[in-house]
Amino acid sequence: MPSTRDIRRRIKSVKSTSQITKAMQMVASAKMRRAQQAALVGRPYSQLLNEIMAEAAANMSGFSHPLMEARPVAKRAVILVSTDRGLCGGLNSNLFREAVKLDKDTTVFVTAGRKASQFIARTRRNLSAEFSFKDTPLFSEARAISKFAQELFLTGEADAVDVLYSRFINTLTQQPQMVPFLPIGKLTATTAGINAPKEELTGGNASEVFEFEPDEETVLGELLPHSLNFQMHQILLETKASEQSARMVAMKNATDNAMQIIKDLTLEYNKLRQANITKELLEITTAQMAVG
Amino acid sequence: MAVTLKLEIITPAAKVFSDDVEMVTLTGIDGEMGIYPTHMPLMTQLVAGEITARKDGQNIFLAVGDGFVQVTGERVAILTDMAVRAENIDEAKAEEARQHAVARLAEKLSEEESATVQASLAHATVQLKVKRLRQKQDSLVKM
């Protein structure tokens, strides 16, 4: 049977925990709004970029860019994008559960975010490079990752590059998702989701023959890497949005739980206190009766 | 026959411009070009500089960064990393950004950093160029 002092002490400690989780929830919700905004403003740009790419691809006559070359996949690279910090619910564990399914021997990992590199090191998988990105991912950070992936692909160290990240669906739902990154030939299939209503338009325009200035090779040579960089940036932004949302929800649950515990403990404390008073009163009256 | 073109200028941060215009002048990789409605389908690279759009006889000027242009008969889509309307350019701010970038370039930078600084330098320079050109032409018209 704990004494009233023990219970008081526990209430105090739970209360201070709830203050911390409450503060983290506030911070996360403020950051979340910004991160979601950032992830969403890039949508029209990426839509148009995809459209241009699709049309360019449809217009290519017997020309192929090295980044589009599809090879039999003997070795593949996976870019694992995680958060830097924990305390964001099951976000990273869900992501890593997907990563575990990949074949250990034929997959090399490129990580972005500290949790991912820790995970790869812990499970002793092949790590080829690790990158970091800030709370507001910069385009240059995305460019570094995407450039590295392109080099892996072009030098033949990997025959395909995929990205595994937490897709932001809404504040309550984030989903680990694997998207193909290289070779680009697969791109039209992956963008179909975002691009679905535009698909008809693309089909209509494909009959038009585009003139390239100065020529296909130069334009595509610039366009393809740029679109990869941009795609990477978009992925980083989405990861951040997922992270902040997941953290906010996790912290809100933690705060709620702490409040519940405080409530239960307070009830128990009061009961005990009352029992003690009753007991004391009883003792006094008994003593009085014995004397009198 | 279409008499107007739909001009769309989109940056990663926002949709800067989306309107029907009569003519667009822009700087492509092979030099300046004017695009009228029913232009032949074309895809090219955009070089940082000035874009002029004519709408109802009025010229609208924008400063843009590097990017891509896609022209179809009725639409001009421009993807660029930066775009600002001439009247919205803050000259003092651009000048400050330019000097900051120049100062940063003097330091030792990694390849990635220097690419970023180069880009912001290019943006600031283009903004200043467009702004000053506008001011010069405005004062000529007034004289």
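User: What makes a residue of chain B or chain A part of the contact?
Analyst: Two residues are in contact if their C-beta atoms, placed from the backbone, lie within 7 Å. On that criterion, chain B contributes 23 residues and chain A contributes 23 residues. The model is predicted: local features require pLDDT of at least 70 and side-chain atom pairs pLDDT 80 or more, while totals for chains, interfaces and linings use all residues. Residues are numbered from 1 along each chain as its sequence is written, with chains lettered from A and ligands numbered from 1 in the order written.

User: Which element gives the most to the side of chain B that touches chain A?
Analyst: That element is β5(B), with four residues. Strands are DSSP runs of E of at least two residues and helices runs of H or I of at least four, numbered from the N terminus; β5 (42-46) and α2 (111-142) are among the elements of chain B that each supply at least two residues to this side.

User: Why is strand β6 of chain A said to pair with β5(B)?
Analyst: Pairing requires that DSSP find at least two bridges between two strands. Three bridges join β6 (residues 211-213) of chain A to β5(B), so the two strands pair, and they run parallel. Within β5(B), Met43(B) is the bridge partner of Phe212(A).

User: How do you know where the domains of chain B lie?
Analyst: The bounds come from an automatic or database domain assignment, which gives domain 1 (5-86) and domain 2 (89-142). Their centres, taken over C-alpha atoms, are 21 Å apart. Domain 1 of chain B places 10 residues in the contact, and domain 2 of chain B places nine.
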